[in-house]
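Student: I would like to learn how to read a few features of a protein model. Could you take me through them one at a time?

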Amino acid sequence: MSDIAVIGLGHMGSALAKALVTSGKSVTVWNRSQGKTDALERIGALKAETPAAAIADSNTLIVCLSDYAATSIVLDEAHATDLIEGKTLVQLTSGTPKQARNLGQWVEARGGSYLDGAISAWPDQIGGPDASIVIAGRESVLTPIAQILKLLAPNLSHVGTDIGRAKILFNAALSYFAAHWIGFSHGAAMYGAEGMDVAEFGEAIAALSPMFADDVRHMGRAISGSRFADPQSTIRSVGVDISRLVEIADDLNISSAFPEFAADLFRSAAEAGYGAEEHCAIFKVIRTR
Ligand code: NAP
């Protein structure tokens, strides 16, 4: 039996398997497409021919596939219902909290143990000091394999027994990054349309980054305590500024999709009566459908 089996060898799964092998663990690997096991076999991983063989080969299974639908396909193909008893399945595939809870129930109903995690790292960072994994599940399941998971990410945080919790944290952060990527790209399009160097824009935003840390901390506290009444900038004033981005996009002949979307949200918040409150009071029009 191997110390661990890694199911799914895409960019992330391959990085996870490599970090485990180079840390001296015995690792069984399986991937749907041929060829992705080759490099890992050369450094000592054992190739399983089927997902069932991978599951049979270790009591600790790491799954890292595209999504939970792919996970279901692989578990069905493996007839995992008959194999999962006594095993610990660590799901590191991204998905929704509901999917995590459903899979956790499925595994536990068949006598297995389940941990659900989310990775905050690029594949290149796996095994290095900057990699983070948050894990949800019972501490009694995590403790025996925590040292193995720390080989992947020294920053391993247990976020409680609610099996959906890791995916909430991951997806909330993803929401933040989605706006960050789109907002940066929109600003870059403005720079580009004016013939300016976008690399300089990256430097300018990087110089502001300490302010962002303070602002997100402040917003977290303000929203958590429902304290929006002492603003340094208001929904109304920020909304006017954001509406101007639509005009600039038209002038520069670039997409106005992002500023229209943002201006619309701020307009809704002002119309709902929050115009004099601080910018993160926008939360109030987002928290309900
Ligand atoms: P990827 O490179 O696209 O790999 C996807 C993996 O899923 C491959 O092994 C693929 O097999 C497999 N797969 C997809 N559908 C399948 C099916 N129906 N049956 C069997 N296998 C199937 O993706 P990735 O970057 O490794 O990401 C994997 C997970 O890690 C995702 O949930 C992602 O959100 C998460 N993650 C990734 C990163 C990152 O930076 N890459 C960071 C954090 C979290 P084939 O090789 O046969 O196609």
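Student: At roughly what angle do the axes of α11 and helix α12 cross?

Tutor: Before that, a word on the source: this is a predicted model, in which local features need pLDDT of at least 70 and side-chain atom pairs count only at pLDDT 80 or more, while totals for chains, interfaces and linings use all residues. Residues are numbered from 1 along each chain as its sequence is written, and side-chain values use heavy atoms, with hydrogens and water left out.

Tutor: Now the general idea: helices (H or I, at least four residues) and strands (E, at least two) are DSSP runs numbered from the N terminus. Axes are lines fitted to C-alpha atoms, for helices over the stretch in contact, and angles run from 0 to 180 degrees between N-to-C directions. Here, the axes of α11 and α12 (residues 257–274) cross at roughly 155° and come within 8 Å.

Student: What does that angle say about the directions of α11 and α12?

Tutor: Angles under 35 degrees count as roughly parallel, over 145 as roughly antiparallel, 65 to 115 as roughly perpendicular and the rest as oblique. α11 and α12 are therefore roughly antiparallel to each other. Their crossing is left-handed, a term for a near helix turned anticlockwise from the far one by less than a right angle (clockwise would be right-handed).

Student: How many salt bridges does the structure hold?

Tutor: The general idea is a side-chain nitrogen of Lys or Arg within 4 Å of a carboxyl oxygen of Asp or Glu. The structure holds seven salt bridges. One of them joins D116 and K167, with the closest N and O atoms 2.7 Å apart. D116 lies in strand β6 (residues 113–120) and K167 in helix α8, so this pair ties together parts that are 51 residues apart in sequence.

Student: Are D116 and K167 buried or exposed?

Tutor: D116 is buried, at 0% relative accessible area, and K167 is buried at 0% as well. For another case, look at D241 and R244, whose side chains meet in a salt bridge at 3.1 Å, N to O. These two are separated by about one helical turn because they are three residues apart in helix α11 (residues 235–252). D241 is partly exposed at 44%, and R244 is partly exposed at 40%.

Student: Which residues make the nonpolar surface patch?

Tutor: Patches are made of residues with over 30% relative accessible area and no salt bridge; like charges are joined within 9 Å, and nonpolar side chains (Val, Leu, Ile, Met, Phe, Trp, Tyr) within 5 Å. Here W122, L174, Y176, F177, W181, I182, L208, M211, F212 and V216 make a patch of about 980 Å². W181 is in helix α8 and is partly exposed at 44%.

Definitions and conventions: Accessible areas come from the Shrake-Rupley method with a 1.4 Å probe; for residues, only the protein chains shown count as cover. Buried means under 20% relative accessible area, exposed over 50%, partly exposed in between (1.4 Å probe, protein chains only).
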